[in-house]
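Please open the model in your viewer and keep the sequence alongside it.

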Amino acid sequence: MKQIITAPKAPAALGPYSHAVQAGDLLFTSGQVPLVPETGKLAGDTIEAQANQVLDNLEQVLKAAGLTFADVVKTTIFLTDLADFATVNAIYATRFPSAPPARSCVQVAALPAGAKMEMELIASR
C-alpha cells in the first residue's frame, strides 16, 4: 500500500512530485534542495547554509511521516562541487551522530534552483 506524505513545513515541490511516499515500512523522500519554506528562495550562497537547510527540510518530511533521522537507512547526496564534501560531511554528522545510514555521494553538473546540494533518503519504520 502506498501513502503520499506532504510536509507542511517543507518547501513546496518544484514539480509534479510528492515530498515522500510511504510504501509498507519504507519511506522514500524526493530530493530536497536548500529552499527556505517560507520564501521559496535558496538559504544563502554557502555550502554550510545550504547543507543545514537541506537537512532541516528533510527533517520536516520525516516528521510529517512520524519518523526521525534515527529511522534513516540510506541517503544519497548530490553536490555540484566535490570540494564541498568535507564540509557537508561535518554538517551531516551532526544529524547522524551514531550508527549513520548507508550513503552515496555524487557530483552533478547542476541542481534545481541553482542549489549547491540536494539530498534524498530512505527511512524504515
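Is F96 buried or exposed, and at what relative accessibility? In this predicted model, F96 has a relative accessibility of 6%, and because the cut-off for buried is under 20%, F96 counts as buried.

Two aromatic pairs are counted in the model. In one of them, the ring centres of F69 and F96 lie 5.1 Å apart with the planes at 70 degrees, and because an angle over 60 degrees is required for that class, the pair is edge-to-face. This pair brings together distant parts of the chain, 27 residues apart: F69 sits in the loop between helix 1 (47-64) and strand 4 (72-79), whereas F96 sits in the loop between helix 2 (85-95) and strand 5 (102-107). Both F69 and F96 are buried. Turning to Y92 and F96, you will find ring centres 4.6 Å apart and planes at 35 degrees, so this pair is tilted.

Six of them make an open sheet with mixed pairing, in the order 1-2-3-6-4-5. Strand 1 and strand 5 are the edge strands, each pairing on one side only. Neighbouring strands of this sheet are turned by 15 degrees against each other on average, with direction ignored.

Now bring in the helices. Helix 1 lies across strand 1, strand 2, strand 3, strand 4 and strand 6 (117-124), and it runs at about 30 degrees to strand 6. Helix 2 lies across strand 4, strand 5 and strand 6, running at about 150 degrees to strand 4.

Finally, zoom in on strand 2 (residues 20-23), where A20 and Q22 belong to the covered face, while V21 and A23 belong to the uncovered one. Strand 1 (residues 2-5) pairs with strand 2 in the antiparallel sense over four bridges; here Q3 stands opposite Q22, and I4 stands opposite V21. Strand 3 (residues 26-29) is also joined to strand 2 by four bridges and runs antiparallel to it, with F28 standing opposite V21. Between strand 2 and strand 3 there are two residues, the two strands form a hairpin, and G24 in the turn has a positive phi of about 65 degrees.

Terms used
Residues are numbered from 1 along each chain as its sequence is written. This is a predicted model: local features need pLDDT of at least 70, side-chain atom pairs count only at pLDDT 80 or more; totals for chains, interfaces and linings use all residues. Side-chain values use heavy atoms; hydrogens and water are left out. Buried means under 20% relative accessible area, exposed over 50%, partly exposed in between (1.4 Å probe, protein chains only). Two strands pair if DSSP finds at least two bridges between them. Rings of Phe, Tyr and Trp (its six-membered ring) pair if their centres lie within 6.5 Å; planes under 30 degrees apart count as stacked, over 60 as edge-to-face and the rest as tilted. Axes are lines fitted to C-alpha atoms, for helices over the stretch in contact, and angles run from 0 to 180 degrees between N-to-C directions. Contact means heavy atoms within 4.5 Å.
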